[in-house]
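Here is a short briefing on one protein chain. Look at the sequence and the fold first, then read the points below.

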Amino acid sequence: CYLAALALASAGGQARWCHGLSPLGQRTLTLYVGHSVLCLVLFSGAGLAIALSTVQMVLACLGLWLLAWVAAARSGNRRWPLEAWMGRN
């Protein structure tokens, strides 16, 4: 339901708040792979196997996405590694 509400609130991607999230969308592949590797190292048995409570996990997820958003926003128009690799002809 929350995804449907966000889709309706986005006005087809023209809503003001959507433009603030666009740096994340431009670096989707690198962020996806980076998040996957980081979470594998932190939370799986193959890594550190950190066990967090529900509240701690929610805060960790929010912090991880905030960090990704800030890094993406500060990188300007530069391509990140995996996006540059995929964009090569």
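Cys 18 is buried, with 16% relative accessible area. Buried means under 20% relative accessible area, exposed means over 50%, and partly exposed lies in between (1.4 Å probe, protein chains only). This is a predicted model: local features need pLDDT of at least 70, side-chain atom pairs count only at pLDDT 80 or more, and totals for chains, interfaces and linings use all residues. Residues are numbered from 1 along each chain as its sequence is written, and side-chain values use heavy atoms, with hydrogens and water left out.

**Overall fold**

- The protein chain has 5 helices and 0 strands. Helices (H or I, at least four residues) and strands (E, at least two) are DSSP runs, numbered from the N terminus.
- Along the sequence the pattern reads α-α-α-α-α.
- The radius of gyration of the protein chain is 16 Å, while a compact globule of 89 residues would have one near 12 Å. This radius is taken over C-alpha atoms, and the globule rule is 2.2 Å times the number of residues to the power 0.38.
- Along the principal axes, the C-alpha atoms fill a box of roughly 40 × 40 × 20 Å.
- Of the 89 residues, 16% count as buried.
- Take the contacts between residues at least 6 apart in sequence: 58% of them join residues at least 24 apart. Contact means heavy atoms within 4.5 Å.

- How many disulfides does a search of the whole structure find? It finds 0. A disulfide is a pair of cysteine sulfur atoms within 2.5 Å.
- Cys 1 is in no disulfide, and its nearest cysteine sulfur, that of Cys 18, is 19 Å away.
- Cys 1 counts as exposed, at 91% relative accessibility.
- Cys 18 is in no disulfide either; its nearest cysteine sulfur is that of Cys 1.

- Ser 10 sits in the loop between helix H1 (2–9) and H2.
- Is Ser 10 buried or exposed? Ser 10 counts as buried because its relative accessibility is 12%.
- Leaving aside neighbours within four places in sequence, Ser 10 is in contact with Ala 15, Trp 17 and Cys 18.

**H3 against H4**

- Two packed helices are described by the angle between their axes and the distance between the axes.
- H3 and H4 pack at about 145 degrees, with axes 12 Å apart. Axes are lines fitted to C-alpha atoms, for helices over the stretch in contact, and angles run from 0 to 180 degrees between N-to-C directions.
- From H3, the contact uses Leu 31, His 35, Leu 38, Cys 39 and Phe 43; from H4, it uses Met 57, Leu 64, Trp 65 and Ala 68.
- By class, this contact has 8 nonpolar, 1 polar and no charged residues. Ala, Val, Leu, Ile, Met, Phe, Trp, Tyr, Cys and Pro count as nonpolar, Asp, Glu, Lys and Arg as charged, and the others, Gly among them, as polar.

**Trp 65**

- Trp 65 lies in helix H4.
- Trp 65 counts as partly exposed, at 45% relative accessibility.
- Not counting residues up to four places away in sequence, Trp 65 touches Leu 24 and His 35.
- Trp 65 and Ala 49 are 16 residues apart in sequence and 20 Å apart in space, C-alpha to C-alpha.
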